[in-house]
Amino acid sequence: MPEIVDVSSLATQSPRISPRLQLALTQSPVPAALEEAASFGRWWFEPETSRLVLSATAAHYLSVEAGQYHRLDDCFNYVVSDDLLRLLSIFTSKPHQPINSEFRVINATHGLRWLRLTSLPVDLASPQLISGILLDVTPIKHAAMRERLGFELTEFLVGSHTLGDAVINVIQLICKNLGWDWGAYWALEQSPQGTQQLACKHFWHHPEHDLGSFGQESLTLSMAPGEGLVGSVWKNGEAGWVEDMTSDSRFLRRTSARECRLWSGYVFPVTYVSDDGHHHSPGVLEFYSSLSRQPEAQLPNLSTTIGAFIARMAQRLEQQAIILHLARVDELTGLANRSHFYALLTQACASAARAKVSFGLIFIDLDCFKPINDAFGHEAGNVVLREFAQRLQALAPVGASAGRLGGDEFALLLPGDSTEHMAALAENVLQAARTPFTYDGVEVTVSASIGISTFPENGETSPELLRSADAAMYRIKQNGRNGYNIFSSSSPHALAQKQSSLARCLTIETELHHALHGPELFLAYQPIFDISTERMNAVEALIRWRRPDGTLVPPDVFIPIAEQSHLIVQIGKWVVEQACRDLATLRCADFKNLKVHVNMAASEFMSSTLPQELRALATAFDLDPRNLSLELTEGMLMKRPDQVIPVMRTLRQLGFEISLDDFGMGHSSLALLKNLPISSMKIDRSFVRDLTYQSNDRAIVKTIVELGRQMHLDVIAEGVETASQLKILQQSGCTLIQGFLLSRPLSLADLLTKYPAGRWRQ
């Protein structure tokens with residue numbers, strides 16, 4: 001800080017100052033010491049002479065000599081060029097207008113600063129003289145930048161962007177706001193030799209600076225932990241300055257730095273300590289300037305926050321990648337699991353239909369597999385499954401997808417393959433299955449039965465293709481096994497089967513039409529309990545169909561037929577109206593805050609009139625819209641998200657809740673999830689089913705619960721059937737539970753009788 005000068009004494013020290021300005025300075029009521037303590041500087045401007053006088057603090061902010069009678073151009077030598085013309089125009093265009101403007105200055109010692117120039121009311125004794133104060137608002141700007149960093153990194157975190165997108169964004173933000181010329185991110189990775197190394201993954205610099213050679217050398221250079229400045233910062237976990245890049249022996253890019261006229265820099269670790277005490281250090285950030293920057297520059301004040309943000313994001317993205325992998329991959333074999341393979345098959349059907357091309361599906365069932373488990377135990381069976389999966393993956397051609405559909409069933413998806421090629425591949429798969437497997441020194445053998453179907457000849461949807469391939473495989477099973485069969489839709493058996501299926505569907509559709517106008521349809525309610533309070537949080541309305549003869553038609557039989565015949569919309573309206581009527585009954589029975597979950601079809605959400613129809617129902621039954629939660633699955637949502645999501649937003653604005661069912665099946669991305677107007681999500685029962693013996697499912701469930709907590713969403717686990725599943729869910733933080741363990745679906749009367757107070761345990 002320069003020596004404090006009492007500006008009032010300038011009237012005698014600077015005879016060049018005009019008499020008017022001398023008088024104003026002599027009468028200035030603010031002492032220099034008070035000015036320093038209050039962290040502001042003063043200035044006086046005389047429009048007649050275009051001269052400016054600065055107090056010691058103001059001069060220090062602008063890096064000029066205090067007390068001089070300055071020309072405007074001389075005062076603003078260190079103002080950033082983008083702000084200079086605007087600043088000059090304030091004094092030259094309309095000098096007597098109130099002034100309140102912010103601008104940036106940059107110098108070698110303090111880097112980039114933000115200053116605010118403000119004028120004071122005109123002194124009637126000297127109306128031709130303008131005075132004001134100059135404030136350093138850099139801390140305020142940095143606080144705003146920290147908030148902006150947090151917001152932008154959070155946006156990237158829940159979006160589909162990569163870590164590189166976020167890092168480049170942060171580097172630009174720092175360079176532009178703190179006056180650095182070049183910034184880069186070095187990530188820790190494994191070298192081809194298996195050792196750890198740091199490599200430059202992302203860098204950015206101002207386009208007006210020619211820093212190409214420095215960037216090129218950075219990209220081609222790798223450093224071991226402890227090597228060079230970057231390696232030392234990562235290993236020690238402590239930030240480091242380089243005051244002269246061209247002569248500092250720790251800095252390994254001295255030649256290119258000299259060529260690009262880079263001079264000084266600051267390097268700091270990207271690191272943070274998680275709640276469990278684990279230290280995460282994914283990389284290092286570095287920033288360099290052509291100025292001789294000193295440790296007093298502003299970046300160190302922000303480096304800890306920035307490093308922690310990037311480190312957290314790197315860890316979260318890594319966890320998300322692992323979760324996505326676990327959700328798609330069979331844990332035992334490493335192949336695509338059932339749900340992901342079905343998704344790939346569905347996607348292949350859609351793509352092939354658009355492109356009007358064909359593809360093949362090979363369905364494989366291992367023969368004589370059960371005797372191996374019976375004779376040697378499940379570990380022997382696992383050895384066979386893992387080894388066969390490796391052989392199958394090795395046989396799969398480029399572009400093919402291999403999956404394990406469950407048990408000893410496998411499949412291959414072969415885009416664009418001919419029947420001859422699929423037959424040849426099937427022979428190779430048969431040979432791979434027949435080749436003996438070794439377990440504990442003993443050879444065991446199996447064979448395979450294979451069915452082949454093609455798109456679109458044997459089906460235009462995933463279920464149709466799988467049924468055709470399964471039917472072809474079954475014929476091999478009936479004829480001695482150890483072979484393959486190509487499905488033929490022209491065979492009498494296939495035609496008869498198809499005709500029988502169509503007739504059955506038409507019969508059910510006709511009966512369903514009549515059921516909609518009679519007493520055959522009814523609702524059952526399965527409670528959703530909050531185990532932390534042992535109270536009923538909600539119920540899910542489940543449609544049931546009892547024919548006049550008393551037989552029940554399973555929902556998985558008539559719902560798909562209703563969806564194909566468009567009866568699903570009428571059924572949906574009936575369910576919602578009946579649920580509202582029953583909810584009114586529940587309110588009268590003192591279940592005032594109970595929610596009712598109603599399953600909806602995507603086609604219902606595509607109706608722009610749905611929000612008003614539901615509002616009319618809520619009004620008719622005197623219901624709070626918040627007590628009605630509309631459920632739709634990820635798969636249904638992804639069919640037409642552009643039409644469904646606007647209707648969802650309108651429903652949420654009206655107060656209705658929306659729950660995302662079957663979450664975790666991989667249909668929707670995190671980028672879509674962050675924009676969905678939902679209030680809760682249900683963990684798919686496939687993850688709950690295997691919780692007790694699948695570590696991957698436990699990891700996925702725990703992550704979904706944490707994701708829901710971070711996004712302020714209720715997370716419901718459905719399909720809970722055992723005490724061990726419940727215990728694991730409790731340990732994972734999930735408190736909203738639905739399943740047979742706690743209660744089966746009940747009629748409205750039975751619900752009121754069994755749970756009169758809405759409690760789980762009476």
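Visitor: Which residue lies over the face of Trp-545?
Guide: In this predicted model, Arg-547 lies over that face, at 5.4 Å from the ring centre of Trp-545.

Visitor: And what sits over the ring of Trp-114?
Guide: The charged end of Lys-141 does, 4.5 Å from the centre of the Trp-114 ring.

Visitor: Turning to ring pairs, how many aromatic pairs are there in the whole structure?
Guide: A search of the whole structure gives 18 aromatic pairs. Among them is the pair of Phe-251 and Tyr-288, which is edge-to-face, with 5.4 Å from centre to centre and 75° between the planes.

Visitor: Where in the chain are Phe-251 and Tyr-288?
Guide: Phe-251 belongs to the loop between β10 (240-242) and α11 (254-259), while Tyr-288 belongs to strand β12 (residues 279-289). The two are 37 residues apart, and their pair links distant parts of the chain.

Visitor: Are they buried or exposed?
Guide: Phe-251 and Tyr-288 are both buried.

Visitor: Why is the pair of Phe-359 and Phe-455 called stacked?
Guide: The planes of Phe-359 and Phe-455 are at 10°, and planes under 30 degrees apart count as stacked. Their ring centres are 5.2 Å apart. This pair also links distant parts of the chain: Phe-359 is in strand β13 (residues 359-367) and Phe-455 in strand β18 (residues 447-455), 96 residues apart.

Visitor: Why does Phe-359 count as buried?
Guide: Its relative accessibility is 4%, and buried means under 20%. Phe-455 is likewise buried, with a relative accessible area of 4%.

Visitor: One more topic: which residues form an aromatic cluster with Trp-43?
Guide: Phe-45, Phe-76, Phe-91 and Phe-103 form one aromatic cluster with Trp-43.

How values were computed:
Residues numbered from 1 in each chain as written. Predicted model: local features only at pLDDT ≥ 70, side-chain atom pairs only at ≥ 80, totals over all residues. Heavy atoms only, no water. Phe/Tyr/Trp six-rings, centres within 6.5 Å; stacked < 30°, edge-to-face > 60°. Helix = DSSP H or I, 4+ residues; strand = E, 2+ residues; numbered from the N terminus. Buried < 20%, exposed > 50% of the residue type's maximum accessible area, 1.4 Å probe, protein only. Lys NZ or Arg CZ within 6 Å of the ring centre and 35° of its normal.
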